[in-house]
Amino acid sequence: MYGTAWKKESTTHLVELAVSAGFTAIDTANQIIHYDEGLVGKARLELERTGIRRETLFLQTKFTPTGGQDHRTPYDASASITTQVRQSFESSLEHLHTDYVDSYVLHGPYSRVGLGEADWEVWSAIEEIYESSRAKMIGISNVNPAQLDLLCERASIKPMVVQNRCFAVLGWDQEVREICRANEIIYQGFSLLTANRGVLDDPEVQKIASRLAASPAQVVFRFAMEVGMLPLTGTTNELHMKEDLKAKDLELTSDEVQRILELGSS
Ligand SMILES: NC(=O)c1ccc[n+]([C@@H]2O[C@H](COP(=O)([O-])OP(=O)(O)OC[C@H]3O[C@@H](n4cnc5c(N)ncnc54)[C@H](OP(=O)(O)O)[C@@H]3O)[C@@H](O)[C@H]2O)c1
């Protein structure tokens with residue numbers, strides 16, 4: 001999946017480049033500090049002009065609570081949370097020039113511990129969007145194991161997607177991945193490269209990369225797929241886009257996967 005955070009005015013160009021390189025899934029958020037959802041929509045229109053139809057792309061965006069926004073909230077920040085979600089979602093559809101998204105994700109719970117009233121209200125509003133069929137999947141990001149367990153247990157509609165930053169030093173987010181596996185949730189890992197510089201420099205990973213005539217970045221992406229993740233890449237480089245996609249064709253041995261898995265705990 002191609003991630004569009006921090007691309008600023010290059011967003012349109014980079015999304016078009018990513019789709020030409022072969023990406024079919026695009027991640028964004030209605031959060032002006034880090035993303036430009038409108039420019040993702042502009043790319044979508046340009047792509048449509050070249051024959052890339054809406055249905056051939058997987059578009060994912062997010063509702064970002066006020067704590068993750070600056071003063072430019074894409075909704076009335078003084079309105080109820082339910083209204084905020086509805087307004088943010090409508091504005092996402094306008095930005096993306098579409099009448100549905102493939103996945104709608106809560107950018108993160110309201111607090112680091114447990115789930116409070118605000119989280120349940122936001123989730124109900126997201127469930128309502130799912131029930132209207134204007135989001136084909138719904139999910140949550142930046143979630144810890146206890147929160148995900150609670151959501152899976154008590155929500156009327158369970159999350160179908162989880163998007164988390166994946167640190168090797170934290171066991172590659174093993175607990176959350178286990179919950180995802182048990183609940184048939186797609187685990188999307190982000191910052192796989194930026195959060196794991198040490199792994200890229202690790203002699204073991206470099207050795208595997210040279211065996212495969214690949215780069216350490218490709219090895220990390222292939223490893224992520226082997227353990228059941230859908231990796232996001234945030235590259236701005238056309239060659240890296242192609243390399244990141246090619247990672248799916250690499251073949252790691254089960255021993256290599258195990259050794260990379262253990263890098264986090266060593
Ligand atoms: N839910 C959330 O809260 C949240 C937070 C952060 C990010 N995200 C999502 O995750 C996406 C990816 O995040 P990220 O940018 O941190 O991910 P990333 O892919 O780990 O990091 C991007 C960095 O990796 C480099 N890179 C990528 N492919 C490479 C390759 N084949 N060889 C060498 N370097 C390579 C890029 O450099 P080049 O540009 O030079 O290739 C760039 O410096 C974001 O765009 C966003 O959609 C979500």
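Around the ligand there are 27 residues, and Asp 27, Thr 235, Thr 236, His 240 and Asp 244 come nearest (a residue is near a molecule if one of its heavy atoms lies within 4 Å of it). This is a predicted model, where local features need pLDDT of at least 70 and side-chain atom pairs count only at pLDDT 80 or more, while totals for chains, interfaces and linings use all residues. Residues are numbered from 1 along each chain as its sequence is written, and side-chain values use heavy atoms, with hydrogens and water left out.

- The side chain of Asp 244 has an N or O atom 2.7 Å from a nitrogen atom of the ligand, where a polar contact is a pair of N or O atoms within 3.5 Å.
- For the side chain of Gln 163, the distance to a ligand nitrogen atom is 2.8 Å.
- Glu 243 also brings a side-chain N or O atom to 3.3 Å from a ligand nitrogen atom.
- The protein buries 83% of the 900 Å² that the ligand exposes when taken alone (Shrake-Rupley method, 1.4 Å probe).

**The shell around the ligand**
- By class, the shell has 14 polar, 8 nonpolar and 5 charged residues; Asp, Glu, Lys and Arg count as charged, and Gly is among the polar ones.

- An open sheet of 8 strands runs in the order β1-β2-β3-β4-β5-β6-β7-β8, with parallel pairing (two strands pair if DSSP finds at least two bridges between them).
- Its edge strands, β1 (2–3) and β8 (229–231), each pair on one side only.
- Asp 27 has Gln 60 in β3 as its bridge partner.

How values were computed. A polar contact is a pair of N or O atoms within 3.5 Å; within protein, one must be able to donate a hydrogen and the other to accept it, and residues adjacent in sequence count only if both atoms are side-chain atoms. Helices (H or I, at least four residues) and strands (E, at least two) are DSSP runs, numbered from the N terminus.
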